[in-house]
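These are notes for a first reading of the model. Please keep the sequence and the 3D view open while going through the points.

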Amino acid sequence: MLVDLQQENSRKIRTRLEQIVGPQRFKVWFRNSTQFTCCDGFVKVGVPNLFLGGWIEDHFSEAIAQAARDVLNKDVQITFAIDPVLFRNLRQSQLNSQAAFIEKNAERVLRDGKVLPAGESVPLRRLKYRIDDFVVGPGNRLAHGVATALIEDPRRDGGSVFFHSGCGLGKTHLLQGIANALAERQPQVRWAYVSGEEFTNQFLFALREKKLDAFRHRYRDIDVLLIDDMQFIANKRATQEEFFHTFNAIDGSGKRVVLASDAHPKLIGDLSEPLVSRLIAGMVVRIDKPDFEMRCEILRRRARQTSQGVPEPVIQYIAEKITANIRELEGCLLKLLAFATLAKTPITLDLARQTLDDHLRQTGKIITVSDIERLVATYFGLTPADLHTSRKNRTIALARNVAMHLARHHTDLSFPEIARLMGNKNHTTVLLACRRIGTVLRDDGEGYWIGAAGPQTRKLREIVQSLEEQLLR
Ligand code: ADP
Ligand code: MG
């Protein structure tokens, strides 16, 4: 009975969400790639992988919370967790449709209210993270110090700042924390926070609508420009050039540009040389994985925000098990809290072991073909969909071969399985790709491709190494 009611509520929340975000976006981001579970004060959103989870959390948390509020008539906590069934079922076609959506729907994204009106510095979207909630430890002390100095004196000419780290280690938290703190403590400072993808969409829209002047005016007329997920800009040559000019205009006039990305500027691979040089002339700060004490502190703070008490041994148990990703760390705690609420039992070490061991079995360090394709496509300035075409251009061929090589080495999939996942190809295509890459690696040969920034050459060994470094982080 209870289960029926929960299912019914989950269904209603999805329907309401579809009304809020519109059928097109619902289809792309939610229909087949999420699973909603509703129980006592929680809505758990199951997602296929960390990338989609992060994306949905960043862009749709508020819409989901709104939908849940409308259906349940109360505020509930939204949690995100990797759902093993979705994880296994994720079809490449879905990822393609998501990438294609981002490319094609610049205008819709803008109409949805993400564009800043000219002269307005505060985005319409509310930013959720606060710098005061940012737990500091050895892995992020420098990044935090840079952020607080910037908040205290944003006009001091400190040059640009580029934060980079693996997924879920606090880049978005830090950037939004800076933005919120500026809004509160430095009201005279004009700032803007956008993702690289939003910047790209706004630029393409302005280009198409012949409104470049307004676009430039809006971005160049601010004191602190914060761009999250910079790697998205790397894909588009024109956007990259525009960004370069924007960057020079802001940085050159002593104002601040703060960027975050999942890789060091040199490892993004497809940024133009002049842009990379400008970026590394500023401050490049890496955020490392949290140490044990910091993981415990994050969990303690999260636990304090809920009404359930979480015993210290449980905190330590989770912190011992989940070491590499703070989003996952929090997700595990929330999963445990939801489980205890549902089962109406207190939180004990035994319960933590049960829920967590389950989680670890299902999601432990599995690298998927989609992870590889996304990474490789970004590196070469392509989209994952490009890798599936049978076009023979040099860049696509190199990217496809590298992706197949990585898939062979970092997943348990067979040649036919890789072939099927990478656009229904024949298994000999994968076999030949792996041989070709193997030969070039053995001879220490070079990879040659046409990136957004023009022709590029680099030792294949270095390309593969830097991709592997990002993949295994
Ligand atoms: P990234 O942008 O690097 O992928 P996020 O900033 O989205 O990571 O962080 C993922 C989750 O971890 C968020 O819920 C964020 O609040 C939390 N988090 C990350 N770093 C910290 C920190 N130092 N203190 C507290 N919470 C953190
Ligand atoms: Mg982020």
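Through how many residues does a hairpin join β9 to β10? The answer is in point 2, after the basis of the model.

1. Basis. This is a predicted model, in which local features need pLDDT of at least 70 and side-chain atom pairs count only at pLDDT 80 or more, while totals for chains, interfaces and linings use all residues. Residues are numbered from 1 along each chain as its sequence is written, chains are lettered from A and ligands numbered from 1 in the order in which they are written, and side-chain values use heavy atoms, with hydrogens and water left out.

2. The hairpin. Two residues make the link between β9 and β10 in this hairpin. Strand β9 covers residues 446-451 and strand β10 residues 454-459; they run antiparallel and are joined by six bridges. One bridge can be looked up directly: I450 has P455 of β10 as its partner. Strands are said to pair if DSSP finds at least two bridges between them.

3. Overall content. The protein has 23 helices and 10 strands. These are DSSP runs numbered from the N terminus (helices: H or I, at least four residues; strands: E, at least two). Of its 473 residues, 54% count as buried, where buried means under 20% relative accessible area, exposed over 50%, and partly exposed in between (1.4 Å probe, protein chains only). Among contacts (heavy atoms within 4.5 Å) between residues at least 6 apart in sequence, 73% join residues at least 24 apart.

4. The three-stranded sheet. One open sheet has the strand order β1-β2-β3 and mixed pairing. Its edge strands are β1 (35-39) and β3 (77-82), each of which pairs on one side only. The twist from one strand to the next averages 25°. Strand β2 (residues 42-47) pairs with β3 in the parallel sense over six bridges, and the partner of K44 in β3 is T79. Helix α16 (residues 326-343) packs on this sheet and touches β1, β2 and β3; its direction makes about 130° with that of β2. Such angles run from 0 to 180 degrees between N-to-C directions, and axes are lines fitted to C-alpha atoms, for helices over the stretch in contact.

5. The five-stranded sheet. Another open sheet has the order β5-β6-β7-β4-β8, with parallel pairing. Here β5 and β8 (283-286) are the edge strands, each pairing on one side only. Neighbouring strands are turned against each other by 15° on average, direction ignored. Five bridges hold the parallel pairing of β5 with strand β6 (residues 224-228); Y193 has L226 as its bridge partner in β6.

6. A helix crossing. The axes of helix α9 (residues 196-208) and helix α11 (residues 237-252) come within 10 Å and cross at roughly 100°. The two helices are therefore roughly perpendicular, a label for angles of 65 to 115 degrees (under 35 is roughly parallel, over 145 roughly antiparallel, the rest oblique). From α9 the contact uses F199, T200, F203 and L204; from α11, A238, T239, E242, F243 and T246. By class there are five nonpolar, three polar and one charged residues. Ala, Val, Leu, Ile, Met, Phe, Trp, Tyr, Cys and Pro count as nonpolar, Asp, Glu, Lys and Arg as charged, and the others, Gly among them, as polar.

7. A loop residue. Is Q186 buried or exposed? Q186 lies in the loop between α8 (171-185) and β5 (191-195), and is buried, with a relative accessible area of 13%. Leaving aside residues up to four places away in sequence, Q186 touches I151, E152, D153, P154 and A181.
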